[in-house]
Amino acid sequence: MNTQFTVSLKNLSANELLTFGLNDIAYLKPASVNGQAVYAIHAADSQLAFVANREVGFAAMHQHELEPVSLH
């Protein structure tokens, strides 16, 4: 990773950090809808959609130009 970029990220304010990647990243989270196991696609500040499985979730994120991230 670019050192200048890394230093810039470390200097983000709390408010800037909250909005970092807001429209660019998403993650999948197991969920339940009417007792059915599904996955929810989440952006930084909202739930975007429910999908039947992980593969569909990743495909939908890529289709909408969202970068999937891991929460681990």
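Biologist: Which element gives the most to the lining of the largest pocket?

Modeller: That is β1, with four residues. This is a predicted model, where local features need pLDDT of at least 70 and side-chain atom pairs count only at pLDDT 80 or more, while totals for chains, interfaces and linings use all residues. Residues are numbered from 1 along each chain as its sequence is written, and side-chain values use heavy atoms, leaving out hydrogens and water.

Biologist: What makes a set of grid points a pocket, and what makes a residue part of the lining?

Modeller: On a 1 Å grid over the protein atoms alone, a pocket is an open set of points where a 1.4 Å probe fits, with protein on both sides within 12 Å along at least five of seven lines; lining residues have an atom within 4 Å of a point. Here the lining of the largest pocket has 13 residues, with L28, R54, V69, S70 and L71 nearest its centre.

Biologist: How do you know that H42 is buried or exposed?

Modeller: Buried means under 20% relative accessible area, exposed over 50%, partly exposed in between, with a 1.4 Å probe and protein chains only. H42 has 12% relative accessibility, so H42 counts as buried. Among the residues that H42 touches, not counting those up to four places away in sequence, are I25, Y27 and L48; contact means heavy atoms within 4.5 Å.

Biologist: Why are β2 and β3 called paired strands?

Modeller: Strands are DSSP runs (E, at least two residues), numbered from the N terminus. Two strands pair if DSSP finds at least two bridges between them. Four bridges join β2 to β3, so the two antiparallel strands count as paired.
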